[in-house]
Amino acid sequence: MESARVASFGTSVFSEFSRLAALHGAVNLGQGFPDFDGPKEIAQAAIDAINGGVNQYAVGQGAPVLRAAIAAHSQRFYGQVLDPASEIGVTSGATEAIFDAVQAFTNPGDEVVLFEPFYDSYLASVQLAQAVPRFVRLRAPDTAHAQWWLDDAELEAAFTPRTKLVIVNTPHNPTGKLFTRAELERIGELTRKAGAVLLSDEVYEHLVFDAGKHVRPATLPGFKDFTLTISSGGKSFSFTGWKIGWHLGRAELVTAVQKVHQWVTFCSGAPFQVAIAKALELPDSYFQGFVQSYTQKRDFLTAALNTAGFEVLPCEGTYFLMARTDRHRRAGEDDVAFCRRLLVDHGIATIPTSGFHSAEHAVHVHGMARFAFCKTEAVLQAAADRLSKL
Ligand SMILES: Cc1ncc(COP(=O)(O)O)c(C=O)c1O
């Protein structure tokens with residue numbers, strides 16, 4: 001009964017590990033959502049909007065108050081000037097924007113460049129559009145590279161006359177990498193040459209640590225023509241369940257995505273749009289405190305993992321740590337088998353990273369696992385206690 005497009009979709013690794021975590025009472029460092037709420041005043045803004053009668057369909061393109069707040073936020077953090085009337089659209093989370101954009105910019109058989117590991121909705125969206133993924137591997141840090149890196153020849157070879165879309169994600173889930181300006185310039189150069197669209201998923205834009213700087217590709221010289229930026233309120237304000245996402249860029253790009261959006265969901269939750277508009281207006285001190293608190297969580301979990309014999313790779317952004325598991329992995333165990341054993345025998349839920357790869361490249365990360373640190377101190381402490389007994 002299922003269409004061929006859908007028949008290949010199994011249960012995602014996230015669903016499987018969430019189910020197992022609940023079944024075994026594991027400390028859950030798996031799926032990437034906070035186990036705490038965002039600011040009380042923002043939750044109250046949603047409640048006030050509901051009580052105040054903001055309960056019917058919102059304007060399809062996004063509530064004007066939210067689009068105005070997105071424009072002001074883009075100007076405040078990136079000096080990016082946008083027209084809220086034509087250069088911003090709202091969707092049900094970044095996930096819908098990604099789906100809509102892939103539909104909007106590809107015909108069946110067109111090619112989409114994806115960087116592995118990738119957020120798994122990219123590949124599903126490409127498959128649903130009957131487009132063809134072309135993978136470029138991010139390579140793990142090694143003696144010559146302090147951070148995750150790209151092989152330039154492999155990058156260039158991924159572009160063909162059929163390339164219509166390139167999806168980049170910075171800060172990057174699951175590696176924690178910040179793409180450098182030089183890397184983005186090179187990707188942009190190839191995208192422009194191909195006449196393709198660059199989709200930049202920046203949902204972790206406010207989770208950048210130490211001296212790192214998030215570069216918004218759309219603000220690089222010449223990028224405006226072909227770059228669509230996607231973000232959402234879920235990660236930055238700890239309300240992932242509200243699913244308020246947005247996309248911004250040149251009017252023609254936004255209009256193309258909105259054409260799909262009108263037939264997918266038409267609009268996203270009206271009262272949550274009002275509340276996320278308020279969140280985007282929070283003072284700089286909110287964003288500073290947010291990074292500070294996540295820096296502590298990252299450092300705490302890094303120390304616990306290193307002490308337990310994992311090798312934690314550098315994390316410049318997001319709320320994920322990638323760690324090498326070789327010290328604990330048994331002969332012949334791949335990442336899924338290892339993470340399942342860590343969960344069932346030791347009560348620690350993580351995400352095996354092969355789920356973020358094409359089948360042919362999964363082997364490169366069989367020795368790694370992803371640990372989420374968007375958790376309360378008590379949960380991170382419980383994880384550290386269990387790790388210390390490994
Ligand atoms: C890279 C990336 N993009 C998009 C999303 C989804 O964002 P939203 O919840 O706004 O749909 C996630 C969530 O984990 C993500 O990691």
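Biologist: What makes the pairing of the side chain of R76 with the backbone oxygen of L282 a polar contact?

Modeller: Set the distance against the cut-off. In this predicted model, a polar atom of the R76 side chain lies 2.8 Å from the backbone oxygen of L282. A polar contact asks for a pair of N or O atoms within 3.5 Å, so 2.8 Å passes. The side chain of R76 also makes a polar contact with the side chain of D284, at 2.6 Å.

Biologist: How far apart are R76 and D284 in sequence and in space?

Modeller: They are 208 residues apart in sequence, and their C-alpha atoms are 9.6 Å apart. Leaving aside its neighbours within four places in sequence, R76 is in contact with L280, E281, L282, P283, D284 and F287.

Biologist: Why is R76 called partly exposed?

Modeller: Its relative accessibility is 34%. Buried means under 20% and exposed means over 50%, so R76 falls in between and counts as partly exposed.

Biologist: Where is R76 found, and how do you know that the length of that helix makes sense?

Modeller: R76 is found in helix 4. This helix has 15 residues, 64–78, and at 1.5 Å a residue it should span 21 Å. The C-alpha atoms at its ends are 21 Å apart, so the two values agree.

Biologist: Which residues of helix 4 are buried, and what covers them?

Modeller: The buried ones are L66, R67, A69, I70, A71, H73, S74 and Y78. Their cover includes strand 2 (88–92), strand 9 (244–249) and helix 11 (270–280). Just after helix 4, G79 takes a positive phi of about 65°.

Biologist: What makes you call helix 11 mostly covered?

Modeller: Of its 11 residues, 8 are buried. They are A270, P271, Q273, A275, I276, A277, A279 and L280. These buried residues pack against several elements, among them helix 4, helix 3 (40–51) and helix 12 (284–307).

Biologist: Now the ligand. Which residues are closest to the ligand?

Modeller: It is surrounded by 13 residues, and the closest are T95, D201, Y204, S232 and K243.

Biologist: Why does K243 count as partly exposed, and S238 as buried?

Modeller: K243 has 38% relative accessibility, which lies between the 20% and 50% limits, so it is partly exposed. S238 has 7%, which is under 20%, so it is buried. K243 is found in the loop between helix 9 and strand 9, and S238 also has its place in the loop between helix 9 and strand 9.

Biologist: Which peptide bonds are cis?

Modeller: A cis bond joins T170 and P171, with omega about -10°. Another joins N173 and P174, with omega about 10°. Most peptide bonds are trans. P171 is found in the loop between strand 6 (163–169) and helix 8 (181–194), and P174 in the loop between strand 6 and helix 8 too.

Biologist: Let's finish with the whole protein. How do you know that its radius of gyration fits a compact globule?

Modeller: With 390 residues, such a globule would have a radius of gyration near 21 Å. The protein has 20 Å, so the values agree. Its C-alpha trace spans about 55 × 50 × 50 Å along the principal axes.

Biologist: How many helices and strands does the protein have, and what share of the residues is buried?

Modeller: There are 14 helices and 14 strands, and buried residues make up 56% of the 390.

How values were computed. Residues numbered from 1 in each chain as written. Predicted model: local features only at pLDDT ≥ 70, side-chain atom pairs only at ≥ 80, totals over all residues. Heavy atoms only, no water. Helix = DSSP H or I, 4+ residues; strand = E, 2+ residues; numbered from the N terminus. Expected span 1.5 Å × (residues − 1). Buried < 20%, exposed > 50% of the residue type's maximum accessible area, 1.4 Å probe, protein only. Contact = heavy atoms within 4.5 Å. Near = heavy atom within 4 Å. Rg over C-alpha atoms; globule rule 2.2 N^0.38 Å. Polar contact = N/O pair within 3.5 Å; in protein donor to acceptor, adjacent residues only side chain to side chain.
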